[in-house]
Amino acid sequence: MEKNQTEVEIEQNRLAETISLAESQLEQAKLDNEGNSKEILSLKKEMRENASGSIANISNSQNFEDLIELNQYQNPITEKVIDYEETENKIAILKKVIDSPYFARIDFKFDDENSFEHTYIGVSSLKQDVSKDIMVYDWRAPIASLFYRFSSGPAFYEAPVGKITGEIGLKRQYEIRKGKLEYFFDADVQIEDEFLKKMLAQNTSSKMKTIVETIQKDQDVVIRDMEYDLMMVQGAAGSGKTSIALHRAAYLMYQGLSSSLSANNIIVISPNPIFEQYISNVLPELGEKNVMSVVFDEMLSDILHSGQIQTKNQYLEIMMTNPRYEKVMKDSLRFKTSPEFLQILDRFIEDLPYHGISFKDLYFGDQCIVRKEELNKIVLKGRKTTSLGFRLQKAAEFALNVAKAYYKDHDGESEYLSIREEIQRLTELDLPYLYTKLFGDESYFDQLAKNIELPCDLTDILKFTQENLNSSMFYYDDATAAAWLKLKIYGSDKYRGIRQVVVDEAQDYNPIHYEILKLLFPDAKYTILGDMNQTLEKKEDLSLYDCIDKILNKKKSTLVTMDKSYRSTNQILIFASRFIPEMSPVESFNRDGDKPEIHQAADKPELCDQIVSEVKLCLNAGYQSIGLVCKTEKNASYLYEDLKGKLDIQLIRDETSENVDGVFIIPVYLSKGLEFDAVLICDADDKNYKSEDDKNLLYIASTRALHRLNLYCKGDISHLL
């Protein structure tokens, strides 16, 4: 696009002025931290010299004065360390600003004014030192929404003071790298699409990238929403769901400047460690601290205080590779994560004081000081309004107070310590044992399940469960139920500070998982993102969102649908769409590429040769991530053994948490949420992909590809293709 020299000079001068300001602030920040560093060292030296006696006394006394003296020295050090860390963060942001200070400009004329103001938009804001005039607006600032939501003409944005109306006279986008203006163009819808197409045509990386330059209007609406306590997004593969969620987290932190919302108040629930690693750069790139991130399986382990818990992916692997167990495993998981089973567990908790908890009389020496009937009475009191754990705690407190009083009157310290340990055990139910007991007595189970609709193969599920509970590992379905049981009895304060919860891959969770989230994060707001076409091990539809809404029970909730994919080429998306229902079409952004092909090999050596040839072709094309996708980890391991001497390749397993880049082999269930330049589905035969559930796996695998997709198989091609 041609521009006259004057316009180019204006932009170059503006860029030089902006970078000069950022460089000046960077130098000052570095000087400030040199001073902070020296002051921290000086304060530490002063503490060592003047408070050495207090430090020595802390280990062998409870001297209150020593603690006060230490605090007098420690508090200034802590404050200076905080200053140092904040300035270091500012230095990191300013370095990024110097590299690329802004990516857009809008000229906006307010309704009550006569001239247009130039508003530059970047990843971070930049202000003049003295006047505090804003040189660059943060992309999250209210006025920046004009860039994402409007073309030239009448426009408005929501500000803290209310709705601001006016007119956009110009929208301009920039490519600035290493402080140099590469090019700029004045945007209309067609040119914006060409710019986005160019951005999407680039190769991917091992980390998810920020999308501030290319956020679309419907995405911006979700990112900036502050109205809803529960924001649910049903998004097609490649619609940017995860990016939107992370940019929304960054936006909430930006808004949190006035409401004290920080990274410590937000948590992301990730499907696996690989995904967690993949998204780890987004918030730091946006100038924010990374929020807390946790894999759901890790939360189960933490709740149950056990490392011997089967992960969801391990459960899936057994299900997919053992046809003999597939049906009962699916039925067991479906039942144990259902509202019906939660009803049974609720009744089980209600019944525990009668048949699961055996109190006994408490003795101080030969004297009975608390009768078991008294403890039972406390536990049964208020059972409709307070948790069992709270009532157990009350019983323990009562018994402890009696024991303390008796100890004061009769002395006997060792006897008191012994009875105190016995009383503390009153609150510690052996939940794994009790859970095992629930499934060990079928008549008792039937009694608890009276008038509740049960699966027709309940006997098989009970037998399967009994076998699993006798093993050394807590199976995934039982661990989930046992975790809910523990939370329902005892509750948890671990995440009380969390005010925003982001849940990705929502479709892979069941009602009980959302019940667990509700117990863990009772006061939080939620952003929940999913795609019903990417469900594993079960059939799911949009009614799941109604179920989530009902369980979490927030004041205001909404469901947003995003059916446009920005990831894959037209040809890949058309191919992938054959695996999903016609009533859920996915709209392509209209980027062209090669048509996917299916390659059939007569034997394993020919299959390996075909795969090696395709990988080398992709490498020669400059692709940075080439994913060889298999249905299971078992298939992936076999393929890895066949190819490791022929290619520089890595095998991605369930426990892997490294970057996924270069050439790698990965099970399809671990590829969810990730994207690769090229995808080779390497086991597309009729033995591996044969059922309706397998259609979802093929859809997931196909839609990981940005630019190139091909399928390979030994023997008969899957009839699903």
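**View 1. Helix α6 passes helix α7 in a right-handed crossing.** Right-handed means that the near helix is turned clockwise from the far one by less than a right angle. Helices here are DSSP runs (H or I, at least four residues), numbered from the N terminus. The model is predicted: local features need pLDDT of at least 70, side-chain atom pairs count only at pLDDT 80 or more, and totals for chains, interfaces and linings use all residues. Residues are numbered from 1 along each chain as its sequence is written, and side-chain values use heavy atoms, without hydrogens or water.

**View 2. Helices α6 (residues 217–224) and α7 (residues 241–255) pack at an angle of about 45°.** Their axes, lines fitted to C-alpha atoms over the stretch in contact, lie 8 Å apart. Angles run from 0 to 180 degrees between N-to-C directions.

**View 3. Gln219, Val222, Ile223 and Arg224 of α6 meet Ile244, His247, Arg248 and Tyr251 of α7.** Contact means heavy atoms within 4.5 Å. By class, this contact has four nonpolar, two polar and two charged residues. Ala, Val, Leu, Ile, Met, Phe, Trp, Tyr, Cys and Pro count as nonpolar; Asp, Glu, Lys and Arg as charged; the others, Gly among them, as polar.

Note on methods
Helices (H or I, at least four residues) and strands (E, at least two) are DSSP runs, numbered from the N terminus.
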